[in-house]
Amino acid sequence: MVDLNGVERPGWPLEHSSNIVTGITVVDLDEDGSPEIAYGTGDGQVHLRDINGNSVGSYPVDLGSRLQYQPTIAELGGSSGNGLICTTNNSRIELLNRSGESLPGWPQQLPVPSGTIPVSGDIDGDASTDIVVATQDGRVHVFNIMGRELEGWPFRLGARPVTGVPALGNLIDEGNSLQIAIASVDSLVYLLNSNGRMAGAWRWPDKVNARSWQPLICSTDQGKAVIAVTQSGEINAWNAEGRLLNGFPVETGSGCIAPPVVADMDGDGATELITVSPSGTVQATQLSVNSAGSEIWPMAMRDQFNSGAFFRGDLPAVTVEQITGEFQGSVTLGYSLTDHTLSDLTVSYSTDAGYSWIPTENYTLTPNSLTWRSEEDLPYADIGTCMLKITPFTGSQTGESGTSGLFHIDNNQPPVMMISSLTPISDGTISLSYTLEDTEGDDISIEGVYSYDDGVTWNLLDLFGNVTDIEGFQYGDSLFLTPPSEAAENTLFRIRASDADPGPWTGFDGLEVDSADRPSLQIVAPTTEVSGDVEFSIRFTQGIASLEMLPCQYSTDLGEHWHDATMRDTVSADSTGAELTFIWDSSTDVPQLDSKTVQLRALPVPGSYGVPVPSSVFHLDNNSSPRCRIEYPERYDLFRGLVPVTFTVADTEWDTITLDLQYRLYNRDDTWHSAKGIINNRIIDPSRYSTILDWNSSVDLPDVSGMELELRLLAADKDSIWSETVGPIALANSDIPQVISATVSSLNSVSKIMEVAFELMDPRKRQLTLSADYSADDGLSWNRASVSVTPAVLSNGSYSGFLQWNYGNDSLAGKEVTLRLTPLYGNNEPGRTRIIRQTFQ
C-alpha cells in the first residue's frame with residue numbers, strides 16, 4: 001500500500017501462503033472512520049486488514065471453500081456497523097461481522113454457485129438491509145438480513161446472468177423500496193421490483209444488439225434511467241416504462257471491454273458515461289447537463305470503495321441502547337436520532353433474536369427513551385431471545401432502523417402455594433394438604449426446607465409423593481414429608497412451588513398452620529377447550545361439603561372482576577369423599593363468549609376459614625361455529641377468468657363472517673391454495689349470508705387451458721369451518737385480456753391525485769375497458785376507486801392509457817392502500833389484474 005507520493009505505508013507489503021484470488025474492497029465495518037481492506041485468498045480464507053496491515057478480530061476466517069468474488073458490504077443497522085458478504089465455490093453465501101463471526105441466519109446454501117457479485121440495499125423498504133445475488137441457473141435471490149428469502153423471490157431470468165454486479169436504485173421514487181437492474185447472457189436487460197416481478201410498465205425484457213455489461217442506474221436530462229452498454233459499444237438508456245430515451249441507442253464506434261462508469265469528469269456539473277474500447281481508447285458520452293452528484297448506481301461496484309451497497313445516505317437513522325438482562329412488564333431503553341424533524345417512529349419486537357418482527361402500539365416515547373409494555377404483547381411469556389426495533393420516518397421515506405441487544409422477558413406469574421393442613425400419620429410421616437394458584441396452569445414442582453437456628457441456615461426437607469411435574473389436573477394432591485429426627489418445637493419449616501420461576505415461601509412452625517389463611521378448596525381447570533356445561537373437579541383439603549354450600553364465581557379478565565356463576569345440581573364425589581365434581585352453566589352466564597382467559601373460584605363455606613383460590617385460566621368457547629355450503633359451480637363447469645361461487649352461510653349468533661376460497665388441482669395435488677383473485681368483499685354481514693363470491697381465476701392461474709380444480713369455502717367468525725369440497729371445474733384462461741404493466745407516473749399530495757400509466761394486452765384483440773378498485777385492509781374488502789380512464793374504451797392497437805385517481809375523494813390520506821386494475825371485456829367479464837401498493841401521506 002502506497003500513499004499519493006508513491007511511498008509504501010508501514011506494515012506493507014503483505015505476504016500470503018496462498019494467492020489472492022479476488023478484488024479488494026475498502027470497508028469500515030465498525031464505522032469508526034478508519035477503513036479496513038477485505039479480500040479472499042485461494043485457500044478459502046477471507047481477510048480483513050486495518051490500515052497498517054494488521055488482521056482485524058478473528059480474521060482471516062476460513063470459509064471452507066474459495067471465494068468466487070471479492071467481499072461486499074451490508075449495513076447492519078443502528079450501532080451494529082456493517083457486515084461482510086462473501087460467496088464461495090460451494091454455493092454458499094455468508095454474512096460476517098467485524099469479529100469474523102457468522103451473523104444469525106447465515107450462511108445460506110444456494111442451489112448453485114453465484115453468478116454475480118452480491119450487493120445489498122433495502123429492497124422491500126422495511127428499513128433493514130437485504131442482500132441480492134443472482135445464481136448461475138438464472139435465478140435472482142433476495143435475502144433479508146436474517147438470511148430469509150423475501151416473499152416473491154427468486155425471480156427466474158431467461159438465461160444465466162452476465163458476470164458482474166446488478167445495479168440497485170429506484171426510477172420512480174415510489175415508496176422506500178429499491179429496484180434491481182440486471183442483464184443476462186442472451187442479451188436481455190431486466191428491471192425488477194421489490195416483489196420479485198418485472199417493474200411497472202416495462203416491456204421487459206428489453207433486448208440489445210450484443211451481450212451487455214451489467215447495467216447502471218443514473219440520472220439523465222430525461223430523468224432516471226437504466227444504462228446498458230454492450231460489448232459491441234452500443235449505449236442503451238431506458239426510462240421507468242421501459243422505453244428508450246430520445247437519442248438512444250448511441251454508437252461509440254468501437255467495442256467496450258470493461259464495465260462503464262458514470263461521472264462528472266471535468267467538474268462542469270454535467271455527467272458523462274465513460275467507456276474503454278479494445279484499442280484502449282477512453283471515450284466520454286454526455287448523459288446530462290445538470291445532474292452531477294445525483295448518480296444512483298454509477299459504476300460496477302457502485303462506488304470507489306467497491307462496497308456493492310446502496311447506503312441510505314442522508315435518511316434519518318436511529319441508534320438504540322444495547323440493553324441486556326431480564327425484564328418483567330415494562331422495558332425502557334434509550335435511543336438517539338440523526339434527524340429530529342421526523343414524521344413518525346414505529347416500534348417492533350422480536351421473540352426469535354430478530355429473525356421475525358411484530359409491530360406493536362404498546363409503548364410510550366420520550367425524546368430520548370422508549371418504554372415498551374411487554375406484558376400487553378407477551379402476557380405470561382418467559383422468553384430469553386427478545387429484541388426491540390425502532391424505525392424512523394421522514395415524509396414517505398423510511399430511515400435506518402436501530403435494534404436493541406438480546407434480552408430476557410419474564411412475564412410468567414410464579415405459582416402461590418397455600419397449606420391447608422398438616423396431619424401426622426404412621427412412622428412419623430406427615431401428610432401435607434395444600435392448594436396451588438397459578439394463572440398459566442404450568443407444570444409445578446414443590447420443594448421444602450427447614451431451619452434450627454431461626455432461619456440463619458436452611459436445610460433441604462425430605463418430600464415425597466407428587467412433588468415434581470405436577471400438571472394442572474393434579475393441583476391440590478397431598479404430599480408427604482418426614483421431619484428430621486432432630487426437629488424441635490422451635491424448628492421452622494417453609495415450602496414453595498415453582499414453575500419457570502419460584503413462587504413465594506410459605507412458612508410454618510412445627511405442625512401448626514394458621515387457620516385464617518387456609519384455602520377453602522382447589523379447583524382443577526380443564527386443560528382443553530370447553531363450552532356450555534363446564535365440568536370441574538373440586539379437591540377439598542378440609543373435608544367435604546354439599547354443592548349448595550359452595551358459592552362459585554367466574555372471571556373473564558384474569559381475575560380483575562368476578563361474577564356469580566350459575567351452577568348445575570349435578571354432583572358426584574370420588575370414593576374418598578375428598579373430590580367433588582360440579583357443573584357450571586356457562587351458556588347462561590356468558591353466551592357467545594370465546595375467551596382464553598376464563599377462571600373459576602369457589603368461595604369459602606360460610607362460617608369457615610379460608611381464602612378463595614382461583615383456577616388456572618382456560619379456554620371457554622360458547623360461540624357457535626358458522627356453517628357454509630357451496631351451491632355453485634357444479635361438476636365439470638367450464639370458466640374463463642371469472643368463477644362465480646354461489647354459497648350459503650348460517651350462524652346462530654348472526655356474526656360478521658370472513659370468507660376464504662381455496663382451490664387444489666384435481667387428482668394431481670393435495671395442497672390447498674388460497675385464492676388471491678377474489679373480486680368482491682370477503683367480509684359479509686347477515687344480509688349477505690346467501691350471495692356470490694366472485695373469483696377472478698386468471699389472477700391465480702393465468703394462461704392455463706383445461707386445468708381441472710376442486711374448490712372449498714372457509715367461513716370464520718371466532719371459529720371457522722370448511723364447506724364440503726366441490727368440483728372438479730375446468731379453467732380456460734389462456735385467451736383472456738390482462739394488464740401487462742402499470743406504474744405510478746405522478747403523485748400530487750396537495751390535490752391528492754395519483755396518475756397511473758398502464759398497458760393492456762388481449763390475445764383476441766377485443767374492445768376493453770379498465771376497472772379500478774382499492775382496498776385499505778389488505779384485500780379483505782374492496783371499494784370502487786374514484787378514477788377517470790383515458791381513453792375510456794381501449795381497442796387493438798391502442799391498449800395503453802392513463803388513469804387518474806382522486807384518492808382524496810376516497811378518504812385515503814395517511815393509509816396504506818392496494819389499488820387493483822382489472823381489464824373488462826364482453827359483458828364486463830374480468831381479465832387478469834395488476835396490483836399497485838401505495839402509502840398516502
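# Buried rings, cores and strands

Q: In this predicted model, does Tyr807 count as buried or exposed?
A: Tyr807 has a relative accessibility of 1%. The cut-off for buried is under 20%, so Tyr807 counts as buried.

Q: Which residues have the most contacts inside the largest nonpolar core?
A: The core in question has 52 residues. Strands that give two or more residues to this core include β10 (130-134), β11 (139-144), β13 (167-169) and β14 (179-184). The residues with the most contacts inside the core are Val140, Leu168, Ile227 and Trp297.

Q: How many residues are in the other core, the one that includes Trp695?
A: This core lies apart from the core of 52 residues. Among its members are Leu661, Leu665, Trp695 and Leu701. Its residue count is 28.

Q: Which residue is in contact with Val119, Val165, Leu216 and Phe310, among others?
A: Neighbours within four places in sequence are left aside here. The contact list also includes Pro166, Ala167, Leu168, Ile217 and Cys218, as well as Arg302, Gly308 and Ala309. The residue that has these contacts is Trp297.

Q: Which class of aromatic pair do Tyr663 and Trp695 form?
A: A search of the whole structure finds 13 aromatic pairs. In the pair of Tyr663 and Trp695, the ring centres are 5.4 Å apart and the planes are at 20°. Planes under 30 degrees apart count as one class, so this pair is stacked.

Q: How many residues apart are Tyr663 and Trp695?
A: Tyr663 is in strand β54 (residues 657-665), and Trp695 is in strand β57 (residues 690-696). Both residues are buried. The pair links distant parts of the chain, and the separation is 32 residues.

Q: Which class of aromatic pair do Trp805 and Tyr807 form?
A: Trp805 is buried at 1% relative accessibility. The two ring centres are 6.4 Å apart, with 70° between the planes. Planes over 60 degrees apart fall in the class that applies here, so the pair is edge-to-face.

Q: Which arginine lies over the face of Trp722?
A: Two tryptophans can be examined here. Arg494 lies over the face of Trp458, at 4.1 Å from the ring centre. For Trp722, the distance to the ring centre is 3.8 Å and the residue is Arg712.

Q: How many residues of β14 are buried?
A: On one side of β14, Gln179, Ala181 and Ala183 are buried. The number of buried residues in β14 is six of six.

Q: Which residue is the bridge partner of Ala181 in β15?
A: β13 and β14 pair in the antiparallel sense over three bridges, and Ala167 stands opposite Ala181. β14 and β15 also run antiparallel, joined by five bridges. In β15, the partner of Ala181 is Leu191.

Q: Which residue in the turn between β14 and β15 has a positive phi?
A: β14 and β15 form a hairpin with three residues between them. The phi in question is about 70°, and the residue is Ser187.

Q: How many disulfides does the count come to?
A: A disulfide requires two cysteine sulfur atoms within 2.5 Å. Cys256 is buried at a relative accessible area of 4%, and Cys386 is buried at 0%. The disulfide count comes to zero.

Methods:
Residues numbered from 1 in each chain as written. Predicted model: local features only at pLDDT ≥ 70, side-chain atom pairs only at ≥ 80, totals over all residues. Heavy atoms only, no water. Core = buried A, V, L, I, M, F, W, Y, C linked by side-chain atoms within 4.5 Å. Buried < 20%, exposed > 50% of the residue type's maximum accessible area, 1.4 Å probe, protein only. Helix = DSSP H or I, 4+ residues; strand = E, 2+ residues; numbered from the N terminus. Contact = heavy atoms within 4.5 Å. Phe/Tyr/Trp six-rings, centres within 6.5 Å; stacked < 30°, edge-to-face > 60°. Lys NZ or Arg CZ within 6 Å of the ring centre and 35° of its normal. Pairing = 2+ DSSP bridges.
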